[in-house]
Amino acid sequence: MKKFFPVYVRVPLIFFLVFGLMEYCIDSGDRAAFIKFPMLSIFLAVFLFVLIAIEITLSAFNRILYQLMTPEEKEQLAYKNSLSLKESDWYKGLMHRLTKTQPIENESILLLDHDYDGIKELDNNLPPWWVYLFYIGIIFGVVYFARYEVFGGDNQEVELKKEMAQAKIDVEEYLKTAPDLMDEKTVVLLTDKPSLDAGKEIFANNCAACHRADGGGQIGPNLTDDRWILGGGIKNLFHTINNGGRDGKGMISWKGTLKPKEIQKVASYILSLQGSNPKDPKAPDGEIWVDESVAKNEVTEVNAEEKTENNTEVKK
């Protein structure tokens, strides 16, 4: 075997096999495992050194054994080394176990009585490899039938639907923590000072020219009152800044200039200007906007209070 797999093939093959298994089994994200975990690089270097040392030791041991051989044993070894792959004993033994072929001398024993136009047939047994595959196919069929037809296992269509549903959940969870993939459905209002200060700077650099530095409005509408042309609230405002205002006369789209996280910050800052009453504001534009979710909550609270008061009066 060493003749057909020399040391310059054997060592790289074993090394890269271990390397590939290590990369497959260790979860290292978007980087190679030996880069993310430096200890693995040290392990690979030590493993390669040991592998080379073993080959050198075995080579020296074989040379010593060769020197101790008799001339007849050396000739026998040279003859074995001169044989090709198909002439080697281990290859012949492997083929015989897989095929169970009969020698040509036994052809008369295997010959069947009938022939057709001089064509005769031999009664050979099926090759063991074919028989093994046949039995494996039967076992696989039984297990498959029991799994999917008897015990109701998920078929490919059901598995696909489950995987798609799970993928949708995973994407939604990822979007909650991925600021650069934020949209008007997932954006939330920011109230912390660092975010509002960052939003103020973005507003001053990009929005103040049309809305004034205090948000009182100039070319663009007043952003400090309770009236909105395209709806108020963080989600509507994020959508307007991201996609632009009314066609032909509204604000341009800023999604090519600002990142979603930056749009979130500037929208949160704009909402913090509500009721600031700047000097000489522009006349109101649009309609008064009321957050429906807040209104529903207020109605629910009022109804709950009225119900509690009624119950109290009944008890009295």
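**Helix packing and a hairpin**

Modeller: Helix H9 (residues 193–206) and helix H12 (residues 260–272) pack with their axes 7 Å apart, at an angle of about 95°. Axes are lines fitted to C-alpha atoms, for helices over the stretch in contact, with angles from 0 to 180 degrees between N-to-C directions. Helices (H or I, at least four residues) and strands (E, at least two) are DSSP runs, numbered from the N terminus. This is a predicted model: local features need pLDDT of at least 70, side-chain atom pairs count only at pLDDT 80 or more, and totals for chains, interfaces and linings use all residues. Residues are numbered from 1 along each chain as its sequence is written, and side-chain values use heavy atoms, leaving out hydrogens and water.

Colleague: Is H9 roughly parallel or roughly perpendicular to H12?

Modeller: Their angle is about 95°. Angles under 35 degrees count as roughly parallel, over 145 as roughly antiparallel, 65 to 115 as roughly perpendicular and the rest as oblique. So H9 is, relative to H12, roughly perpendicular.

Colleague: Which residues of H12 does H9 meet?

Modeller: Contact means heavy atoms within 4.5 Å. From H9 come Ser195, Leu196, Ala198, Gly199, Lys200, Ile202 and Phe203. In H12 they meet Glu262, Lys265, Val266, Ser268, Tyr269, Ile270 and Ser272.

Colleague: What is the orientation of helix H11 (residues 233–243) to H12?

Modeller: The axes of H11 and H12 come within 9 Å. They cross at roughly 125°. That angle makes H11, relative to H12, oblique.

Colleague: How many charged residues are in the contact of H11 with H12?

Modeller: Ile234, Leu237 and Phe238 are among the H11 residues there, and Ile263 and Leu271 are among those of H12. Ala, Val, Leu, Ile, Met, Phe, Trp, Tyr, Cys and Pro count as nonpolar, Asp, Glu, Lys and Arg as charged, and the others, Gly among them, as polar. The contact has ten nonpolar residues, four polar and, of charged ones, none.

Colleague: Is H1 roughly parallel or roughly antiparallel to H3?

Modeller: Helix H1 (residues 7–25) and helix H3 (residues 38–68) have axes that come within 11 Å. They cross at roughly 155°. H1 is therefore, relative to H3, roughly antiparallel.

Colleague: In E2, which residue is the bridge partner of Tyr116?

Modeller: Strands pair if DSSP finds at least two bridges between them. Three bridges join the antiparallel strands E1 (residues 111–116) and E2 (residues 119–122). They form a hairpin with two residues between them. In E2, the partner of Tyr116 is Ile119.
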